[in-house]
Amino acid sequence: MTDNPFGQVLVALVTPFRADGEVDWDDVERLIDACVTNGADGIVVSGTTGETSTLTDPEKIRLVEVAKSVAGGRAKVIQGGGSNETAHAIDLNQQAEQAGADGVMIVTPYYNKPTQAGVLTHFRMIADATDLPVILYDIPGRSGIPIRYETILRAAKHPNILAVKDAKGDFAEVSRVLNQTDLLYFSGDDANVLPHLAIGASGLIGVTANVAARPYRTIIDAVNAGDLHAAQEQHKALEPLVRATMTHVPGTVAAKYILHGLGRIGSPRVRLPLVGPEDAEAALIEDELALVTGVDGLDLSGFRPDRNAAAGGALPKVHGTTR
């Protein structure tokens, strides 16, 4: 198995915004520090959960710089904001490397729907353009196409491509790839973290870890020690929290709603076309949270949701562009 340069408990970091939709850099620092203090050893900035589609490139690079400064060597920092334009992705990842990123995550090209030959070329050219270790991000629900098994095998031969973030949920394929390559696998589905680890995954890249990183540290440490019972206990305790975060609205929206209700970020604002939960959706999230007990390091007794603050979405002053 390849040595792991990324960490095992990786947080798919939300990007806190002010009510006007501009990045709240003080909240970014506080959130990163809280995640790392509670056991995260990797931070993925400006990924899907970080609202990469509506961040500008300068914001993405500053997120790398801030995360590096706050982590201070306690956690790896992964640039997660890719592009469906190969040239743009190359430029962005080269900037991230210069800013101090410890690795990059390349998402399957979305919307274009290239053939698998195009997907492989995209991955190889980006990996050729940086010395950083690369995680491939397989998420057909968002990209429209999977990274097929044969493509993963071919990509695995590139010296910089070391890992896959799996949000496809095909456990048989995960096992097959682990048997045939030295790739590291990261669970990209919060509900399936323990099952992925049980068949050989190296870690997780999670949304719910924004709210509670410590139980994922507990699960990872328990699996590493061969203590399945301890891992199962936290997996079970996390289930309603994961459901609250990942089921009723996009994970970014719910995570910010919960973090704001806990007083850990100043605003639950997301950028359009994302919007905050409507009343019925917020009620479902709150009902799930009422079932949460026994999660390591999480106290929901002070949770005070603010549906009005979360309503709608923001138009930032400067919009994200592909060039």
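Me: In this predicted model, what makes residues such as Leu10 and Asp190 contacts of isoleucine 205?
Reply: Contact means heavy atoms within 4.5 Å. Leaving aside neighbours within four places in sequence, isoleucine 205 is in contact with Leu10, Ala12, Val44, Met105, Ile135, Lys165, Phe186, Ser187, Gly188 and Asp190. Isoleucine 205 itself lies in strand β8, residues 203-206.

Me: Why is isoleucine 205 called buried?
Reply: Its relative accessibility is 1%, and buried means under 20%, so isoleucine 205 counts as buried.

Me: How do you know that Thr49 and Ile205 gather at one spot?
Reply: UniProt, in an unreviewed entry, lists Thr49 and Ile205 for "binding site". They span 157 residues in sequence, yet no two of their C-alpha atoms are more than 10.4 Å apart, so they gather at one spot. The lining of the largest pocket takes in Thr49 and Ile205.

Me: Is threonine 49 buried or exposed, and why?
Reply: Threonine 49 has 8% relative accessibility; because buried means under 20%, threonine 49 counts as buried. Its place is in the loop between β2 and α2. Beyond its neighbours within four places in sequence, its contacts include Ala12, Val207 and Thr252.

Me: What makes the phi of serine 46 worth a remark?
Reply: The angle is positive, about 50 degrees, although serine 46 is not a glycine. Serine 46 lies in the loop between β2 (42-45) and α2 (57-71). With a relative accessible area of 1%, serine 46 is buried.

Me: Why is lysine 113 called exposed?
Reply: Exposed means over 50%. Lysine 113 has 57% relative accessibility, so lysine 113 counts as exposed. Its phi is near 55 degrees, a positive value in a residue other than glycine.

How values were computed. Residues numbered from 1 in each chain as written. Predicted model: local features only at pLDDT ≥ 70, side-chain atom pairs only at ≥ 80, totals over all residues. Heavy atoms only, no water. Helix = DSSP H or I, 4+ residues; strand = E, 2+ residues; numbered from the N terminus. Buried < 20%, exposed > 50% of the residue type's maximum accessible area, 1.4 Å probe, protein only. UniProt positions renumbered as here; feature names shortened; annotations may be inferred. 1 Å grid on protein atoms, 1.4 Å probe; cavity = no way out; pocket = protein on both sides within 12 Å on 5 of 7 lines; lining within 4 Å.
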